[in-house]
Amino acid sequence: MKSIGSGLDSGNESARKTAGATYATFNAALGSSGLASVFAQNELTVFAPTDAAFAALGLNPGNIRNVPNLQNILLYHVVAGTVLSTDLTNGYVPTVNGAAVEINLNAGAKVNDANIVMVNTRARNGVIHGIDKVLLPPTQNIVEIAAGNENFSILVAAVEAAGYVELLATTNNLTVFAPTNDAFLDLLKELGFDSLEKLLDKIQVEGLQKVLAYHVFSGRVFSSDLSNTSIKMLSEDELTIDVSGPSLIDLSGRVSGIVATDIQATNGVIHVIDKVVLPFE
């Protein structure tokens with residue numbers, strides 16, 4: 001039995017059962033990326049794109065080595081340990097890249113938006129599943145994603161005012177519950193201020209830092225990981241999660257709905273909330 005680092009053998013019985021699917025580009029990518037030995041020495045599960053999946057992006061064994069960040073892309077197709085098709089469940093699974101892929105079994109078997117077209121090709125150190133699309137990992141950090149979304153312009157301004165740009169852009173494995181502009185405007189009305197500047201004058205930088213840190217958790221928490229519990233945020237204060245909403249409940253009992261989930265960044269994940277939570281009782 002070959003190791004995963006040896007690539008997918010097109011003569012394998014499982015591979016032959018997949019109509020016309022070949023994996024030469026994937027094998028070439030492994031060889032040219034320098035990852036073959038890494039794949040061979042660790043127990044892994046690999047979601048391997050077919051040649052047709054690579055061809056849809058204009059890629060083939062002859063040009064795959066020219067892809068920028070090829071190692072990073074390949075590692076996004078790899079999960080630690082041996083995960084057979086019978087072990088798959090709905091939810092997010094961390095990859096060796098650091099970001100996660102979403103497994104969805106509700107309509108067939110999918111990884112992100114790719115169909116699983118071959119399962120359980122066993123290797124000496126793991127298992128390979130074939131997929132019909134190339135998985136592309138996130139390319140922007142948390143701050144870059146927020147800055148590119150007009151619904152987070154007030155949040156970005158607050159992060160800049162607090163001096164938290166570098167923290168949120170470079171710290172790995174963060175979960176951010178990101179309030180929308182409307183959430184901040186509602187907060188200003190709730191507290192009796194008519195501008196963000198006046199609120200900042202009142203609470204000062206330290207107060208703003210505490211509020212923003214109350215929206216950040218150390219660790220990647222995806223929607224499939226949420227449970228009815230309390231978690232300690234970077235501000236060192238407890239925030240309660242209610243999955244029936246889903247929603248967040250702050251220290252004074254104010255409820256913030258989680259309105260969008262699982263926006264992946266290179267250094268973490270963002271969930272969108274409709275009310276600013278406050279670390280004050």
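Predicted model: local features only at pLDDT ≥ 70, side-chain atom pairs only at ≥ 80, totals over all residues.

Q: What makes up the secondary structure of the chain?
A: The chain has 10 helices and 14 strands. Its C-alpha trace spans about 70 × 35 × 30 Å along the principal axes. Of the 281 residues, 48% count as buried, each with under 20% relative accessible area.

Q: How do you know how much of the contact in the chain is between residues 24 or more positions apart?
A: You take the contacts with a separation of 6 or more and look at the share that belongs to residues 24 or more positions apart; here that share is 64%.

Q: Which residues of H10 are buried, and what covers them?
A: The buried ones are Leu 196, Leu 199, Gly 207, Leu 208, Val 211, Leu 212 and Ala 213. Their cover includes helix H7 (153-162), helix H9 (181-191) and strand S9 (216-218).

Q: Why are H7 and H10 called roughly perpendicular?
A: Their axes are 9 Å apart and the packing angle is about 70°. Angles of 65 to 115 degrees count as roughly perpendicular, so H7 and H10 get that label. On the H7 side, the contact is made by Ile 154, Leu 155, Ala 158, Val 159, Ala 161 and Ala 162. On the H10 side, you'll find Leu 196, Leu 200, Val 205, Leu 208, Gln 209 and Leu 212. The residues of this contact come to 11 nonpolar, 1 polar and no charged.

Q: What makes H7 roughly perpendicular to H9?
A: H7 and H9 pack at about 70°, with 7 Å between their axes. That angle falls in the range of 65 to 115 degrees, so H7 counts as roughly perpendicular to H9. Ser 153, Ile 154 and Leu 155 of H7 meet Asn 181, Phe 184 and Leu 185 of H9. By type, the residues of this contact are 4 nonpolar, 2 polar and no charged.

Q: Why is Asp 182 called exposed?
A: Asp 182 lies in helix H9. Its relative accessible area is 55%, and exposed means over 50%, so Asp 182 counts as exposed.

Q: Is Asp 262 buried or exposed, and how do you know?
A: Asp 262 has a relative accessible area of 12%. The cut-off for buried is under 20%, so Asp 262 is buried. Asp 262 sits in strand S13 (residues 255-265). From Asp 262 to Asp 182, 80 residues apart along the chain, the C-alpha atoms are separated by 20 Å.

Q: What makes the phi of Asp 262 worth a look?
A: Most residues other than glycine have a negative phi. Asp 262 is not a glycine, yet its phi is positive, at about 60°. Asn 112 also has a positive phi, near 50°, and is a residue other than glycine.

Q: Why does Asn 112 count as partly exposed?
A: Partly exposed is what lies between buried, under 20%, and exposed, over 50%. Asn 112 has 25% relative accessibility, so it counts as partly exposed. You'll find Asn 112 in the loop between strand S5 (110-111) and strand S6 (114-123).

Q: How do you know that the peptide bond from Gly 245 to Pro 246 is cis?
A: Look at omega: it is near -10° for this bond, which is cis. Most peptide bonds are trans. Pro 246 belongs to the loop between strand S11 (238-242) and strand S12 (247-249).

Q: Why is Leu 239 called buried?
A: Leu 239 is in strand S11. Its relative accessible area is 0%, and buried means under 20%, so Leu 239 is buried. Beyond its neighbours within four places in sequence, Leu 239 is in contact with residues including Tyr 214, Ile 231, Leu 248 and Val 277. The C-alpha atoms of Leu 239 and Val 277 are separated by 8.6 Å, with the two residues 38 apart along the chain.

How values were computed
Residues numbered from 1 in each chain as written. Heavy atoms only, no water. Buried < 20%, exposed > 50% of the residue type's maximum accessible area, 1.4 Å probe, protein only. Helix = DSSP H or I, 4+ residues; strand = E, 2+ residues; numbered from the N terminus. Contact = heavy atoms within 4.5 Å. Axes fitted to C-alpha atoms, helices over the stretch in contact; angles between N-to-C directions. Parallel < 35°, antiparallel > 145°, perpendicular 65-115°, else oblique. Nonpolar A, V, L, I, M, F, W, Y, C, P; charged D, E, K, R; others polar.
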